[in-house]
Amino acid sequence: MTLKTVLRITRNVGLCAAVALVACDSGQKAEEKKVEEKKVEAKADDAKAAADAKAAADAKAAEDAKVAEAAKAAADAKAAEDAKAAEGTPPAGDAKAPEGDAKAPEGDAKAPATDAKKAEPKKTEPKKAEDASPKIDAKAIYDAKCKVCHAVDGKGAEAQKKNNIPDMSAKDWQGKHSKAAVVKAIADGVDGTKMKAFKEKLSKEEIDAVAAYVKKL
């Protein structure tokens, strides 16, 4: 083997070794880079978890503060209500104390009872309904509507005697005709006679008043 061949082999071995060293170094650096990246990711995850935990703690603290504030407001309102109630009711001892004084003047209280009765105003009886309503002049209505046929005294006008006008003043006629019958005759008329119905011309009150007047003839 010549010297030139030995040098060539040596050079080739050195190159292989250098390549191997470079490859090994590159692989190691890549592994270290991956480890570093994982550390960075882990730190980021830890930071995110810490941030989430802090946000949750802050939210819980805010909620607890609201609950505490509401409880305090309710307690203050109840205290104010109790204070008002206490102001409205006198102490038990003071309320019972004057019982003896309240009972003492019983005799004096009974004494003016008769005076109170005398001073009481007399009750005024309400007026009867018929006094409150305007009075109906039955005679005026009779004279205007009935006199022409029945005459002023109810005996019947001479001109109407031929029409069998009854004598309403006679006891016999009065006995046979009640006030209700007279009301019906005035309101509805009498069939077969010239007695016409007045229910369209007179009110019920006016018809009732005229019937009462006829019964007094």
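**Entry 1: the chain as a whole.** I began with the contacts (heavy atoms within 4.5 Å): of those in the chain with a separation of 6 or more, 47% join residues 24 or more positions apart. I note that the model is predicted, that local features need pLDDT of at least 70 and side-chain atom pairs pLDDT 80 or more, and that totals for chains, interfaces and linings use all residues. Residues are numbered from 1 along each chain as its sequence is written, and side-chain values use heavy atoms, with hydrogens and water left out.

I then looked up the secondary structure and found 11 helices and zero strands. Helices here are DSSP runs of H or I with at least four residues, strands are runs of E with at least two, and both are numbered from the N terminus.

Of the 217 residues, 12% count as buried (under 20% relative accessible area, with a 1.4 Å probe and protein chains only).

**Entry 2: helices α10 and α11.** I looked up how α10 (residues 179-188) and α11 (residues 204-214) meet. Their axes, which are lines fitted to C-alpha atoms over the stretch in contact, come within 9 Å and cross at roughly 125°. The angle is taken between N-to-C directions and runs from 0 to 180 degrees.

On the α10 side, I listed K179, V182, V183, I186 and A187; they meet I207, D208, V210, A211, A212 and V214 of α11. By class, this contact has nine nonpolar, no polar and two charged residues. Nonpolar means Ala, Val, Leu, Ile, Met, Phe, Trp, Tyr, Cys and Pro, charged means Asp, Glu, Lys and Arg, and the others, Gly among them, are polar.

In α11, I found I207, A209, V210, A211, Y213 and V214 buried. Their cover includes α7 (138-145), α9 and α10.

Entry 3: I looked up Q174, which lies in helix α9 (residues 171-176). Q174 counts as buried because its relative accessibility is 11%. Beyond four places in sequence, Q174 touches M168, S169, V214, K215 and L217.

H150 belongs to helix α8 (residues 147-150). H150 has a relative accessible area of 12% and is therefore buried. Its contacts, neighbours within four places aside, are Y142, K155, G156, A157, I165, M168 and M195.

Technical notes
Buried means under 20% relative accessible area, exposed over 50%, partly exposed in between (1.4 Å probe, protein chains only).
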